[in-house]
Amino acid sequence: MTNKILGFIGTGNMGSAIIGGVIGKTDTVNAYDIKKNENLAVNYKESIADLVNPSGVIVLCVKPNMFETVLAEVKNADYKDKLFISIAAGITKDYIKEKLGDVKLVRVMPNLPLCVGEGMSVVCPDDGLPDSDMEIVKLIFESSGKMCIMSEDYINKAIAVNGSGPAYVFMFIEAMADALVKNGVDRKNSYTLAAQTVLGSAKMMLETGLHPGILKDMVCSPAGTTIDAVIDLEKTGFRHAVMSAVQKCTDKSVEMSKK
Ligand SMILES: NC(=O)C1=CN([C@@H]2O[C@H](COP(=O)(O)OP(=O)(O)OC[C@H]3O[C@@H](n4cnc5c(N)ncnc54)[C@H](O)[C@@H]3O)[C@@H](O)[C@H]2O)C=CC1
Ligand SMILES: O=C(O)[C@@H]1CCC=N1
């Protein structure tokens, strides 16, 4: 529990996912968005200044292309001694400090599964950030999943797995389910089979700590069904496709960060 007032700018997919985890863990959660989300139990303010003035912590959850506008409005408020948390891809800490000066700042790359309490957030704090501020960061991002601390130098690499990765996983689930549908299984059961299989496999790896290759081998019976699928995946370059996609995503993050 913190007695600091949290203020969120942007309550779309990610803002609302993070808010969902922190409600009840702090006295007050306020938000500002040009479009209110009526389903969110949050106190909406009428302007960025109204949001920033009473807040101790401001979480920036707008798209990267809105940062210039939003930070210009933040500058019209009482913002200097506040803790800022930014979750945007491609917006560096240097960019924010260029606009706001030397504010206390943490850059975070969270992911969408925060909205079901199974998020993975990469946290890049400023050197020397007070422990009390770090406690708030932990409260926010551990409320909805796991977090790890890294230098900002690694954030473009991390985004390509934890930030964007859920999209590839959803594609994998959709592809497995489509294959079931082709073989006559109904859609609903197909999605449940595919999604629960991904959930269970990920959970097993995290809980056992075993190498993924060992776990794969445990599924592949000699002359069984799975090894035929594994050989086909290798032939079609499955692992190369994933690694190449992750690299493309990293390259895009680096490119966005140069602007
Ligand atoms: N969607 C994802 O899986 C992830 C997104 N991110 C980052 O999170 C940020 C937000 O992404 P999403 O939530 O997906 O976008 P979104 O489009 O769902 O939400 C953005 C919100 O900002 C609001 N907005 C636009 N202009 C505004 C302004 N001037 N003032 C206040 N609010 C304004 C919009 O009305 C919208 O509700 C992005 O910077 C993205 O890079 C990070 C990790 C994962
Ligand atoms: O696609 C994007 O730019 C954002 C960042 C990570 C996930 N979605």
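Predicted model: local features only at pLDDT ≥ 70, side-chain atom pairs only at ≥ 80, totals over all residues.

Visitor: What does the UniProt record list as "binding site"?

Guide: An unreviewed UniProt entry lists Ile 9, Gly 10, Thr 11, Gly 12, Asn 13 and Met 14 under that name. Such annotations may be inferred rather than shown by experiment.

Visitor: Why is Gly 10 called buried?

Guide: A residue is buried if 20 or more other C-beta atoms lie within 10 Å of its own. Gly 10 has 23 such atoms within 10 Å, and therefore Gly 10 is buried. Gly 10 lies in the loop between strand 1 and helix 1. Beyond residues up to four places away in sequence, Gly 10 touches Gly 15, Asp 33, Leu 60, Cys 61 and Val 62.

Visitor: Is Met 14 buried or exposed, and why?

Guide: Met 14 has 23 other C-beta atoms within 10 Å, so Met 14 is buried. This residue is found in helix 1. Apart from neighbours within four places in sequence, Met 14 is in contact with Cys 61, Ile 87 and Pro 110.

Visitor: Why does Ser 143 count as partly exposed?

Guide: Buried requires 20 or more neighbours and exposed requires 12 or fewer, with partly exposed in between. Ser 143 has 19 C-beta neighbours inside 10 Å, and therefore counts as partly exposed. Ser 143 is found in the loop between helix 5 and strand 8. Gly 20 is 123 residues away from Ser 143 along the chain, yet their C-alpha atoms are separated by 9.1 Å. Leaving aside neighbours within four places in sequence, the contacts of Ser 143 are Gly 21, Val 22 and Lys 25.

Visitor: What makes strand 3 and strand 8 edge strands?

Guide: The open sheet has eight strands in the order 3-2-1-4-5-6-7-8, with mixed pairing. Strand 3 (43-44) and strand 8 (145-149) each pair on one side only, and they are the edge strands.

Visitor: How do you know that strand 1 and strand 4 pair?

Guide: Two strands pair if at least two bridges are found between them. Strand 1 (residues 6-9) and strand 4 (residues 57-60) have four bridges, and therefore they pair, in the parallel sense. Leu 6, for instance, has Val 57 in strand 4 as its bridge partner.

Visitor: Which strands does helix 6 lie across?

Guide: Helix 6 (residues 155-163) lies across strand 6 and strand 7, and runs at about 45° to strand 6. Helix 5 (residues 131-142) runs at about 160° to strand 7, one of the strands that this helix lies across.

Visitor: What can be said of residues 152-256?

Guide: The unreviewed UniProt entry places the feature "domain: Pyrroline-5-carboxylate reductase dimerisation" there. The chain over residues 152-256 is 82% helix and 0% strand, and the end C-alpha atoms are 14 Å apart.

Methods. Residues numbered from 1 in each chain as written. Chains lettered and ligands numbered in written order. Helix = DSSP H or I, 4+ residues; strand = E, 2+ residues; numbered from the N terminus. Contact = placed C-beta atoms within 7 Å. Axes fitted to C-alpha atoms, helices over the stretch in contact; angles between N-to-C directions.
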